Amino acid sequence: MAEEVLRTILLIEDEPSDAELLLRGFDKAKVLNPIVHLSNGDEALRYLAGRGEFYDRIKFPLPALILLDLKLPGITGIQLLQWMHVQDEIKRIPLVVLTADDRQETVNAAYDLGANSYLVKPGKADEIARMVNLLQSYWIALNQPPQLVMAADLAN
Amino acid sequence: MTVFKAQRRAGIIELSIDDEGEQGVAQSSVLLVEDDPADYRFVQRAFERFKDEIKLFRVTNGDDAVAYIAGEGPYENRGVHPFPLVILLDLKLPRRSGFEVLQWLRSQRDSIHRLPVVVLSGSDEPKDVNRAYDYGANSYLCKPNGFQQLERLADQFEAYWMKLNEFPNLQS
């Protein structure tokens, strides 16, 4: 039953213009999954941990896919990865790093902390739209997600 | 620009210029770990259209997968058995299972532990899927039933991993 619910995509991105382009890309790609956009590392940690204002997992379900920028206010993307890496369930959630940083040491660090994939943000709007299309068709449509405790299970 | 980037990566075995001489094409090697001969032919045919982009190498059991990745025994010569850019890994394998290959790979001290692994399995059992992610699989794909679906899977795999993804450095 849980499979029929369209699962949430969590976008963690502080740059408003980048977030705008990505969200527009999801719109254009006709992605129907609900997208939660957070712009701060601390907020993202609270969401994933289900703490504070995000305590209600029915309203704020664990996402099916996390898109993570690395340069964030509050804790950084790398620090968030470090935290996720030691959480039993949350570490299974497919996570794609989406950043402007293409330095090899950053790429390596992200994979070492369990990132599933690493993408460098393209500059142009049409390239972003193409990337978002692929993100949707690969990670949402094709990839088999892990089984997490779903809101539907919690409700029972 | 893409070509220079590609050259830095592991798993790129050659650079060729197409007939028009317009675009450099980097061919990447993918290691397919698959014991079933029918499934192998199926995957090989589905990837045929990407023969300029992807060179598929195959081993048929978990022990050989480990030997290939480590470059040991019959796989010592990297000219013939290049280090792959990504592994397509079946789970149910003779000798070492796919899970054991993943555990071995992720526990390596040197940088090869980062090698991206895409599971390609006949099982969609949540316990297998969760276990694969817990052992460090980057992605989990279910073997489709029909050939057309497998061709679509190959399309997506090529477009995502070969064209979009940034790979870790495995030489440092």
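Buried residues make up 37% of the 172 residues in chain B, where a residue counts as buried if 20 or more other C-beta atoms, placed from the backbone, lie within 10 Å of its own. This is a predicted model, in which local features need pLDDT of at least 70, side-chain atom pairs count only at pLDDT 80 or more, and totals for chains, interfaces and linings use all residues. Residues are numbered from 1 along each chain as its sequence is written, while chains are lettered from A and ligands numbered from 1 in the order in which they are written.

Chain B contains 6 helices and 6 strands, taken as DSSP runs numbered from the N terminus (helices H or I, at least four residues; strands E, at least two). Along the sequence the elements follow the pattern α-β-β-α-β-α-β-α-β-α-β-α. Of the contacts in chain B between residues at least 6 apart in sequence, 65% join residues at least 24 apart; a contact requires C-beta atoms, placed from the backbone, within 7 Å.

Confidence is expressed as pLDDT, the predictor's value for each residue from 0 to 100. Chain B has a mean pLDDT of 87, and 84% of its residues reach 70 or more. In residues 1-9 of chain B the pLDDT is below 50, and it stays under 50 over residues 13-24 of chain B. For the complex, the predictor gives an ipTM of 0.91 and a pTM of 0.89.

In chain A, strand β4 (residues 95-99) is largely enclosed by the rest of the structure, because 5 of its 5 residues are buried. In a regular strand the side chains alternate between the two faces of the sheet. From β4(A), L95(A), V97(A) and T99(A) point one way, and V96(A) and L98(A) the other way.

| Partner of β4(A) | Sense | Bridges |
|---|---|---|
| β3(A), residues 65-68 | parallel | 3 bridges |
| β5(A) | parallel | 4 bridges |

I66(A) stands opposite L95(A) in β4(A). The chain passes from β3(A) through helix α3 (residues 77-85) of chain A to β4(A) in a right-handed β-α-β crossover, meaning that, with the strands pointing away from the viewer, the path from the first strand over the helix to the second runs clockwise. On the β5(A) side, V96(A) has S117(A) as its bridge partner. A right-handed β-α-β unit is also formed by β4(A), α4(A) and β5(A).

Between the chains, 21 residues of chain A are in contact with 21 residues of chain B. On chain A, α4 (104-112), β5 (117-120) and α5 (125-142) each supply at least two residues of the side that touches chain B.

Methods. Two residues are in contact if their C-beta atoms, placed from the backbone, lie within 7 Å. A residue is buried if 20 or more other C-beta atoms lie within 10 Å of its own, exposed if 12 or fewer, and partly exposed in between; C-beta atoms are placed from the backbone. Two strands pair if DSSP finds at least two bridges between them.
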